[in-house]
Amino acid sequence: MKKLRKRKLGDWVFDIIIYVILIALVIVTLYPMWYVIVLSFSNSTDITKYTGIVLWPERFTLGAYQMVFEHPTLMASFKNTILVLLGSLPLSIILTVLCGYFMASKGMLWKKAVVGLIMFTMFFSGGLIPGFLNIKSLGLYNTLWALIIPGCISVYNSIICKTAIETIPESLSESAYIDGANDIQVIFKIILPLIKPTLAVLTLYYGVARWNDWFQASIYIKDTNLLPIQNIIRAVLLENDIALNSAGVGDNFNTYAETLKYAAIVISTVPILCIYPFLQKYFTKGVMIGAVKG
Amino acid sequence: MSNLVSFGKRAGQDFKKNKYKYLIVLPVLAYFLIFHYKPMYGIVIAFQRFRASVGISGSPWIGLENFRRFFNDIYFWRVLRNTFTVSALTIVFSFPMPILLALIINEVQVKWFKKTVQTISYMPHFISMVVVCSIINSFCQTNGILNEMIVFFGGERTNLLSEKEMFYPIYVISDIWQTIGWDSIIYLAALSGIDQEQYEAARVDGAGRLRQIISITLPGLLPTISMLLILRLGSILSVGYEKILLLYQPLTYEVADVISTYVYRKGLVDADFSFSTAVGLFNSVINIVFLLVANKVSKKMGQSGLF
């Protein structure tokens with residue numbers, strides 16, 4: 001009896017420690033984002049008064065958000081990011097499915113060679129300058145195509161797709177072949193409907209990668225009006241590019257010059273943060289495949 | 001000769017039978033050839049004194065001169081040391097964190113709490129590097145939150161990102177923040193594969209929960225941990241440029257400049273194309289050798305390797 005009670009007390013302490021650690025983790029994870037949100041709902045004079053941990057805006061205002069929507073450079077950069085997404089997502093998904101289908105198919109004489117050629121690019125690349133010179137020689141430099149085409153297939157994502165296709169019973173596609181269907185019809189009529197969850201996760205992965213990319217644009221794009229949102233945030237927040245700041249319009253620009261930056265961060269980050277929780281249960285598979293099979 | 005004929009015949013039959021499959025992979029193959037293999041051919045400029053105006057065919061060949069220049073470069077040891085240091089620090093401090101988190105999350109019995117913690121812990125993975133670094137930058141300013149704490153404990157206000165000795169702590173702590181949740185997914189998946197009956201048996205034998213973690217859960221995770229660790233060790237000399245490019249300043253180059261950022265500055269800022277390519281190639285070759293070794297070791301130890 002005594003032993004039982006003792007163990008229960010131990011369990012209690014154990015549980016408390018676990019919950020305290022996890023709640024601390026949640027706070028530490030969320031606070032930086034919360035801080036940005038609070039600043040985005042403040043005005044520039046108030047944030048100079050914020051010291052230490054800020055929990056709530058001094059005077060709640062939507063002024064900074066209004067500024068974002070009136071700021072020509074920011075709006076142009078949002079438009080560029082969306083254009084890149086619209087162009088690259090369909091391309092990525094189509095090519096990834098094709099690549100995954102080929103990898104999952106059996107019996108081709110050249111399969112090993114082709115798959116080997118594709119996989120090799122995971123481990124070795126031409127590097128920064130040869131890649132840059134290639135984009136220049138293809139005439140893609142300083143166009144949005146340089147942000148759409150390079151990187152539109154990830155081998156890693158193709159392997160995720162291949163594994164999803166492999167879970168479909170072969171008898172399904174075989175009976176389709178007997179009915180006279182070719183591989184393209186099999187992909188559209190049988191494979192695609194059955195791997196919808198995987199397609200959703202792949203869309204998320206590709207979308208997030210494009211939406212968050214700044215490096216590709218920083219080397220392939222020269223004109224400011226073609227830069228995506230991340231590069232503008234970088235210019236404004238990390239390099240204090242004044243020219244970009246004063247490009248804003250409106251009489252009360254100075255009131256929100258500082259907080260405008262944070263509003264831009266919120267607008268560029270929140271959409272993704274609202275989407276990923278819905279696909280959470282599918283993450284496990286992809287991560288496992290990635291770590292085990294490269 | 002007959003071999004060749006029969007091969008030709010086989011190839012013909014194969015092509016007839018699988019023509020749609022080859023048709024399907026054609027655009028994919030074209031992409032890889034144009035955007036991956038063509039730049040690989042471009043590596044030859046590492047052995048040239050390349051001038052963009054005359055191209056690869058017109059530029060003079062200089063053998064290993066660029067590599068010699070790099071090995072004698074005053075920054076050679078600096079970038080090598082920094083690359084190794086940044087990588088080693090993340091292995092020592094960041095790598096174990098997701099394991100700990102997975103162990104802790106695994107102990108939570110309340111389902112909604114478990115799921116909420118997981119969802120929130122994945123969040124940093126989806127925040128862009130630019131935004132993460134902007135927040136770091138904002139926290140490290142002289143009037144930022146970190147300085148408030150330093151002042152509270154009697155320290156002096158400084159811009160932390162300009163301080164050489166602060167670079168590694170900032171890099172590593174933010175790295176933990178970014179990766180702890182997402183990287184725990186794989187361990188949680190491995191944990192779900194552990195036979196639950198073992199826990200029953202341990203409870204009957206009177207083992208406490210800590211005891212169960214040490215004797216059942218941790219050994220169950222060991223194969224995953226050792227495989228990931230070996231692969232991580234294999235990429236010890238590959239440190240990405242994104243975060244460092246966004247966080248370092250000339251004041252911190254001494255500790256923060258790694259091979260990849262050096263390649264970036266030499267190539268795109270100084271436009272020393274051939275030299276930059278040579279440094280990049282040196283790094284790629286080392287990485288691939290290390291990875292092959294790591295893969296071998298992983299297989300020797302009975303784990304599944306990469307290939």
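**Labels and their cut-offs**

Mentor: In chain A, the domain assignment gives domain 1 (2-40) and domain 2 (71-292); such bounds come from an automatic or database domain assignment. This is a predicted model, in which local features need pLDDT of at least 70 and side-chain atom pairs count only at pLDDT 80 or more, while totals for chains, interfaces and linings use all residues. Residues are numbered from 1 along each chain as its sequence is written, and chains are lettered from A and ligands numbered from 1 in the order in which they are written.

Trainee: How many residues of domain 1 of chain A are in contact with domain 2 of chain A, and of what class are they?
Mentor: 4 residues of domain 1 of chain A are in contact with 5 residues of domain 2 of chain A, where contact means that the C-beta atoms, placed from the backbone, lie within 7 Å. The domain 1 side has 3 nonpolar, 1 polar and no charged residues. Here Ala, Val, Leu, Ile, Met, Phe, Trp, Tyr, Cys and Pro count as nonpolar, Asp, Glu, Lys and Arg as charged, and the others, Gly among them, as polar.

Trainee: And how is chain B divided?
Mentor: Its assignment gives domain 1 (2-47) and domain 2 (74-300). The centres of these two domains of chain B, taken over C-alpha atoms, are 38 Å apart.

Trainee: How many helices and strands does chain A have?
Mentor: Chain A has 17 helices and 0 strands. Both are DSSP runs numbered from the N terminus: helices are H or I with at least four residues, strands E with at least two.

Trainee: What makes the pair α4(A) and α11(A) oblique?
Mentor: The axes of α4 (residues 72-104) and α11 (residues 196-212) of chain A cross at roughly 140 degrees and come within 9 Å. Axes are lines fitted to C-alpha atoms, for helices over the stretch in contact, and angles run from 0 to 180 degrees between N-to-C directions. Under 35 degrees counts as roughly parallel, over 145 as roughly antiparallel, 65 to 115 as roughly perpendicular and the rest as oblique. The crossing angle is roughly 140 degrees, so α4(A) and α11(A) are oblique to each other.

Trainee: Which residues meet there, and what is the hand of the crossing?
Mentor: Among those of α4(A) are A:L85, A:L89 and A:I93, and α11(A) brings residues including A:L202, A:Y206 and A:W211. By class, this contact has 8 nonpolar, 6 polar and 1 charged residues. The crossing is right-handed: a crossing is left-handed if the near helix is turned anticlockwise from the far one by less than a right angle, and right-handed if clockwise.

Trainee: Why does the pair α13(A) and α16(A) get another label, roughly antiparallel?
Mentor: The axes of α13 (residues 229-238) and α16 (residues 259-279) of chain A come within 10 Å and cross at roughly 155 degrees. That angle makes α13(A) roughly antiparallel to α16(A). Their crossing is left-handed. A:I229, A:I233, A:V236 and A:L237 in α13(A) meet A:K261, A:A264, A:I265 and A:S268 in α16(A), which divide into 6 nonpolar, 1 polar and 1 charged.

Trainee: What makes A:N212 buried?
Mentor: A residue is buried if 20 or more other C-beta atoms lie within 10 Å of its own, exposed if 12 or fewer, and partly exposed in between. A:N212 has 23, so A:N212 is buried. This residue lies in helix α11 of chain A and touches A:Q230, B:S128 and B:M129, not counting residues up to four places away in sequence. Of the 294 residues of chain A, 37% count as buried.

Trainee: How do you know whether B:A271 is buried or exposed?
Mentor: B:A271 has 11 other C-beta atoms within 10 Å, so B:A271 is exposed. B:A271 sits in the loop between α15 (259-269) and α16 (273-300) of chain B, with phi near 55 degrees, a positive value in a residue other than glycine. Most residues other than glycine have a negative phi.

Trainee: And what is A:N142 called?
Mentor: With 14 other C-beta atoms within 10 Å, A:N142 is partly exposed. Its phi is near 65 degrees, again positive, and its place is the loop between α6 (128-137) and α7 (145-148) of chain A.

Trainee: Lastly, how many residues join the two chains?
Mentor: 67 residues of chain B are in contact with 69 residues of chain A. Helix α2 (residues 19-42) of chain B gives the most to the chain B side, with 15 residues.
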